[in-house]
Every structure is written in structure tokens, then in C-alpha cells.
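Here are some notes to read alongside the structure. Take the points one at a time, and find each residue on screen as you go.

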Amino acid sequence: MSEAIGTAPVGIAVVGAGYWGPNLVRNAQATPGLRLEYLCDLDVARARAVLGGYSTVRVTDDLGAVLADPAVGAVAVATPAATHAGIAMAALSAGKHVLVEKPLAASLEDGAKLVRTAEDAGLVLMLDHTYCYTPAVSHLRDLVRGGELGTLQYLDSVRINLGLVQADVDVVWDLAPHDLSILDSLLPDGVTPVSVAAHGADPLGCGQVCVAHLSIELSSGALAHVHVNWLSPTKVRTTIVGGSRRTVVWDDLNPTQRVAVYDRSIETRDPAELGVEARNQTRVSYRIGDMVAPALPEREALRTMMGEFAAAITEGRPPLTDGRSGLRVLAMLEAASASLRAGGVAVPVEQVATETSTVAVPA
């Protein structure tokens, strides 16, 4: 996830000057491997306000002109979710590398078309799964995939706050992509989501599910649980990852101790190994060890993500959160939506291949 160094910066255009676009603008301008060329938005006045009066970055409402400019090698899409696929496909068709705000598309079918187009053209297609670039998730990934936690047994994630009820997406498609992308990033090789059972409610009667619980069965037999909620008066961002040896608690709202690793577990013994007396007693024992709070660097995840985008382009490699990671998240989202419609039954997750093609290195 290093920034591109020693090569000419990649010209980038940000499309969308609404809620998330200004964050992409700020971090694109601060990334050495990128050069911000345009901010494109239907509301030109809003785009100018984002850039300020002294910026040399061009402002336009003409996406076609942006895509036709050879100075633009990459496009970052920060528009409403329903427009992601159309804008991303136009950019890929124009030969531009693409960074897309979550979710990749409104359907798995549309997302798959984007991935095929990018891979056939040798272009980078990357998802802005920002949390995957936090120091906490990077550390969690090392612990899980490195075997420090032992065998993954469960994951519990809570993402609740008093949020804005969206008109175009429900709380699952709005908030759960964060947790599902984290889950996808953490899972060891060979462990995949099998099914999703989702329960949701619309207590406001607004036509959108505002509270939802997702239970995701994994191929290893472990269970992941995600709770998302727009109606909570308190904000909670907590993830617990339990393994057979250790358990990690990540509290993203606690700057003094974001991650705590507990060397505690429940151990069982095979009855065949126990004597007659022991068999009549419990076969479960508790191992109580230390708690360690590792010192993690404080850095902006979005800056790291932008650096990864630039590096993937210049090095000709897939980024950490490539298009296929976006497809895997979409597959879980579609299974969750189908489960909500079916009253909470477990719905199989369509499997997405993990292989990616090599990216063409620009001359």
C-alpha cells in the first residue's frame, strides 16, 4: 500500500462534489502519485466551493469532456450509488483507471460487467473500501491471516448511529458494505461466505429498512454477524474477531485503545482422553491470559487508499480492494436483500472467482 514514487503523477478527475467527493479531492491533492485535473459535478457552483477560489483544478459539469482529455488517466467516482456502474463503465470504456465509492454497482450483474471490462482492458478497477486501509484493520488482517488468533470462530460487528435515512438505498446497502468489505479483507485463504440470513425493520414507515441484522455462515463453519442501524441515538463502531487462541476487540471510536488482543479462550478435550471421573465433570476449561493493546500509527485511511490506487496503476498490479473484492461484497449484499424479502431465510452467496488479470503498465 505504498505511494507511487519516481514516476510521473497520474492525472485524476473526481466525479461528484457531494458528501464524499470533497474527501477524495483533498486526498488526491495530497498524494504524490496523483495530480488532480478536474472536479466534475452537475452543480458547478458546489464544485467551485469545494475547491476554493485559488485552485487551478478545472471545474466542469461535462463528464464527456473529462473522459476525452488525455491528461486524465484515472477517474474517482463519488456519486449516488445508482449511478456508479454507468459512470465507471464510461470511464473504463474511455481507457481510464477507475476508483469507485462503495458499492461497486447496484447489482452483481452490473458489477461483473465492470470487472470484465477492466480486466480485458488491463485497467485498474478499485473500490473505496476505506476501512480496509485503517491501521486497525491492517493489524487485524495480519493477526487473522497469520494464524495468531488460531482458527477463526466468529466475527461480530456493530455499526449504528443516528443516520440520514437514504431515499435510494436501505441501511444494509448504505452501512453494511463497510463491515462486509472488512470481513472479506480478513478472511483466511479458502474461507468464503456460504449464505446470509438477514432480518430488518422499518419502524418509521419510510419504505426503507432502517435496522438490520445479518448472519453470514462461512465455509469453515464460523459465523459472522453484522448489525447496522440508522436509528440509534448513540454511535457505535465495534468489531470483535474471535479465534481459538485469541480474541480481538476493535473499537474505532476509542482513540486511546482502538485494538485490544485478549489471550483468553475456551478449551475442550476429547472424552476419549479423559478418565472416568473427568468424564462425569465438565470437558470445558477456561484459559485466562493477558490483554495487549498494540500501539498503532494514527494515519488517515483515505490517504493510504489513494496512495494504493496510484501505486496499483504505476506498478501494474491489482490493488488491495480490487474489483473482485467489490463483487464479493455485492454478492453478500444481494443475498442479504433476498433474505430480507424472504422473511429472513438463509440465502446462498454467489461465489466470485478471486483471480485477477495483470494490469497494463502505462508507458
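1. Let's begin with Ile216. Leaving aside residues up to four places away in sequence, Ile216 touches Leu180, Leu183, Pro193, Ser195, Val196, Ala222, Leu223, Ala224, Val226 and Met332. Please keep in mind that this is a predicted model.

2. Where does Ile216 belong? It is part of the largest nonpolar core, a group of 79 residues. Ile216 is listed there with Leu104, Val172 and Leu214 as the residues with the most contacts inside this core. Residues come from both domain 1 (10-123) and domain 2 (132-301 + 329-348), so the core lies between the two domains. There is also a second, separate core of 31 residues, with Leu24, Ala47, Val124 and Met305 among them.

3. Now look for the sheet. How many strands form it, and in what order? There are 6 strands in an open sheet, running E3-E2-E1-E4-E5-E6, and their pairing is parallel. Strand E3 (58-60) and strand E6 (125-128) are at the edges; each has a single partner strand, so one side of each has no neighbour in the sheet. From one strand to the next, the twist averages 25°. As background, strands of a sheet pair through backbone hydrogen bonds, either parallel or antiparallel.

4. Most peptide bonds are trans. Pro103 is located in the loop between E5 and helix H5 (108-121).

5. Finally, visit Asp184 in helix H7 (residues 171-186). Is Asp184 buried or exposed? Its relative accessible area is 17%, and the cut-off for buried is under 20%, so Asp184 counts as buried. Not counting residues up to four places away in sequence, Asp184 touches Ser325 and Arg328. With Arg328 there is a polar contact of 2.6 Å between the side chains.

Key: Residues are numbered from 1 along each chain as its sequence is written. This is a predicted model: local features need pLDDT of at least 70, side-chain atom pairs count only at pLDDT 80 or more; totals for chains, interfaces and linings use all residues. Side-chain values use heavy atoms; hydrogens and water are left out. Two strands pair if DSSP finds at least two bridges between them. Helices (H or I, at least four residues) and strands (E, at least two) are DSSP runs, numbered from the N terminus. Axes are lines fitted to C-alpha atoms, for helices over the stretch in contact, and angles run from 0 to 180 degrees between N-to-C directions. Buried means under 20% relative accessible area, exposed over 50%, partly exposed in between (1.4 Å probe, protein chains only). A polar contact is a pair of N or O atoms within 3.5 Å; within protein, one must be able to donate a hydrogen and the other to accept it, and residues adjacent in sequence count only if both atoms are side-chain atoms. Contact means heavy atoms within 4.5 Å. A nonpolar core is a set of buried Ala, Val, Leu, Ile, Met, Phe, Trp, Tyr and Cys residues joined through side-chain atoms within 4.5 Å. Domain bounds come from an automatic or database domain assignment.
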